[in-house]
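Dear colleague,

I am passing on the structure below, and I would be glad if you could look through it alongside the notes that follow.

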Amino acid sequence: MFSRFSGFFVGAFFGLVFVLVNSGPPLPDAAALAVRVLAVGAAVAIVVLAVLAMRGSAPSEDDGSPKPSFGAFFGVVTMVEVALIVGGAMTISRLDSVPDEAGVAWVALVVGLHFFPLAWHWKQREILVVAGYASLLGATGLVMALTGHPAWVPLVSGVVTGAGMLLGSLGGVVWMSRQRRVTA
């Protein structure tokens, strides 16, 4: 049962981290605080709704939908993702011609790209939405950083990416909860 909701928990956690770490300047302080509060509220809502949905379902219930497997393939994809994030961040920090803000864009790009093989392996096409979304925002942030517009990169590649992960997870858990009620 937990595996059905694990993606929502992961999306909530990393979406929240993206928002909390990157919601600062150039956003005004009041806007940054509001964004952080909304992100925490969304993450809490995801956890509460998922837990309620798990409690309301029979443990043996199997709807036939593919479930994520966190085995060897997932491990390899995650190790490659971490290596690319760390290696890219180290490279960006050492290049004087690349603004530091490019780091968050790089992370968003790699996080987005890592979802493509997982969507294929897990046969869950819906993951392609977050894969494309995060990859596009990461690539956009890199272009912004490299073309002289680094100040807004944390907002575009960090906050907006994280907000999308949170909203996607929230929408998914609400949809799954409603589906369970309809079929019950």
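Leu49 counts as partly exposed because its relative accessible area is 31%, which lies between the 20% under which a residue is buried and the 50% over which it is exposed. Please bear in mind that this is a predicted model. Leu49 sits in helix H2, and together with Leu20, Val40, Val44, Val48 and Leu52 it makes a nonpolar surface patch of about 450 Å². Helix H2, which covers residues 29-55, supplies the largest share of that patch, namely 5 residues.

As for the protein as a whole, it has 6 helices and 0 strands, so that from the N terminus on the elements read α-α-α-α-α-α. Of its 184 residues, 40% count as buried, and the accessible surface comes to about 10,100 Å², with 73% of it belonging to carbon and sulfur atoms. Among the contacts between residues at least 6 apart in sequence, 75% join residues that are at least 24 apart.

After H5 comes Gly148, which has a positive phi, near 90°.

With best regards

Definitions and conventions: Residues are numbered from 1 along each chain as its sequence is written. This is a predicted model: local features need pLDDT of at least 70, side-chain atom pairs count only at pLDDT 80 or more; totals for chains, interfaces and linings use all residues. Side-chain values use heavy atoms; hydrogens and water are left out. Helices (H or I, at least four residues) and strands (E, at least two) are DSSP runs, numbered from the N terminus. Buried means under 20% relative accessible area, exposed over 50%, partly exposed in between (1.4 Å probe, protein chains only). Contact means heavy atoms within 4.5 Å. Accessible areas come from the Shrake-Rupley method with a 1.4 Å probe; for residues, only the protein chains shown count as cover. Patches are made of residues with over 30% relative accessible area and no salt bridge: like charges are joined within 9 Å, nonpolar side chains (Val, Leu, Ile, Met, Phe, Trp, Tyr) within 5 Å. A salt bridge is a side-chain nitrogen of Lys or Arg within 4 Å of a carboxyl oxygen of Asp or Glu.
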